[in-house]
Amino acid sequence: MYPSIQDLHRILVQQHYITEEESAAAEGSAVNSTEYVAALIHRGVLSETLLGQALAEHYHVRFVDLLLAPPTAKDIQRIPEDIARMYSLIYSHEDEHGVVIATTEPTTAAERKMAALRPLFSKKKITFAYALPAGLEACFRAYEKPLGTRFSKIIQSSTRVAPEIVHEIMKDALGFRASDIHFEPHTSDVLVRFRIDGTLREAGHIPKPYYENILNRIKVESGMRIDEHLSAQDGSLQQHIGDETIDVRISIAPTIDGEKIAMRLLRSYVQGLALTDLGLDERHRATLENAARKPFGMILAVGPTGSGKTTTMYSLLKLLNRPDVNITSIEDPVEYKMTGVNQIPVRQQAGMTFARGLRSIVRQDPDIILVGEIRDQETADISVNAALTGHLLLSTFHANNAAAAIPRLIDMGIEQYLLASTLELIVAQRLVRTICMQCRYSLTVAQMLRDFRIDPSAVRGYFTPTDNVYAGKGCHACNGSGYTGRTAIFECIHMNQALQDTILHAPTAAAFAATAQEQGETTM
């Protein structure tokens, strides 16, 4: 647990880590100290390391980063789980001075903590260090039994099986930084899988007889019909796990073995992301900012599902969101609520489609319009016309790369001369996993090709056999995967006269890509 917002404000301002103005800006969008910290970090005025150092200075102890240098699972077990959780502490390491215990509250109940720890480390000096709550929670996972074991315990000892199982799954998903949870029914049980850093991993199995109650609970909480089993349904709900409130988007689809649930976890920090947080290099970021500051035209983010296109659009809206502009969006669904933006959800049953909603938006005197996705010819037509008639229009579009968006839009029926005159910028992107900094090691390209069985032609022209690259071994911090988190890679094509001529006279993906590269654009 962090101190209160007021205490954090006082500590960080008095120690000159942030200014009064920076604190006030973060307080305006935060309802608790966790959101206040997230706002400061995502505004780029504070890092987690600096926050840890500031709080350690306040408590007059050292700071240990449990995420960067986590103790082993065996070391963590040196302190029994009941003591660790009761006093919010974890074994960190041992040095020449004695045993170092990491805690989020170094000065609270210090005597009682010492009394509980002395029998465990007899004849050794014990000192406390400050650790961030996220680091402590990551270490607490070493105490957790596998989900399947916890499911069995809940079934044997609880009358509230469904809510407790759902809670345990959500808690694990957040702890492992999962973006999605899948409930996949089979003949005798239900497989639970998490998508972590873009990759699905098995989490546990639920006995089939208990799945119906879990399914019905999720349906009720997300506003779906519990008597409908043969049609797909969509809904949403909120889950409160610890200090964090998670918006969850639910999709249920019938399969031959039962109804499958897919849950998308929408973390609140995403709406605070700025362009500087996305992984754009300086040149691409400047190009995007310049295009976004024009009074009209169309900016497209393209890529496959789950590549971060919506996050990029929200980051642009954050840049453009000012009191003197009217921003309106039409989205399916509205993933994140943004203050100052008029957000309209698509409701197919009520006849509110992208096209119909966009027609209405154009009559609402907007300066900037966000269309969640261009899916059909009607939406594409209205979007192009809106960009042509004095509006800045932002949207996402499914295409494999920036150049492929041009022939796809033309195939939808957009006139080439209209596309050439309205399109300002195409941003294509992918999300890639980042190597765990805790367990990464260096190896030559020749070793990489051999150890990971990579075709040499895949890296020809980018590396020589003696160049050094990095790989992750797998450790406690990354749950054995060798990767922690993801970042985006981009390609940006900014329209100019040569590219407009290509759209008018040779609108193929290959011709457009070749012209873009001649103009100095780089591919992903």
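Predicted model: local features only at pLDDT ≥ 70, side-chain atom pairs only at ≥ 80, totals over all residues.
Two packed helices are described by the angle between their axes and the distance between the axes. Helix H1 covers residues 5-14, and helix H2 covers residues 20-27. Their axes come within 10 Å of each other. The crossing angle is roughly 160°. Angles over 145 degrees count as roughly antiparallel, so H1 and H2 are roughly antiparallel to each other. The crossing of H1 past H2 is right-handed.

Now look at the contact itself. H1 contributes Ile5, His9 and Val13. H2 meets them with Glu20, Ser23 and Glu27. By class, the contact of H1 with H2 holds two nonpolar, two polar and two charged residues.

Move on to the loops, and to backbone phi. Ser88 sits in the loop between helix H6 (81-87) and strand S2 (89-95). Its phi is near 50°. That value is positive, in a residue other than glycine. Is Ser88 buried, partly exposed or exposed? Buried means under 20% relative accessible area, and exposed means over 50%. Ser88 has 22% relative accessibility, so it counts as partly exposed.

Ala109 comes next. This residue lies in the loop between strand S3 (98-103) and helix H7 (110-117). Ala109 is not a glycine, yet its phi is positive, at about 55°. The relative accessibility of Ala109 is 22%, so Ala109 counts as partly exposed.

Definitions and conventions. Residues numbered from 1 in each chain as written. Heavy atoms only, no water. Helix = DSSP H or I, 4+ residues; strand = E, 2+ residues; numbered from the N terminus. Buried < 20%, exposed > 50% of the residue type's maximum accessible area, 1.4 Å probe, protein only. Axes fitted to C-alpha atoms, helices over the stretch in contact; angles between N-to-C directions. Parallel < 35°, antiparallel > 145°, perpendicular 65-115°, else oblique. Left-handed = near helix turned anticlockwise from the far one by under 90°. Contact = heavy atoms within 4.5 Å. Nonpolar A, V, L, I, M, F, W, Y, C, P; charged D, E, K, R; others polar.
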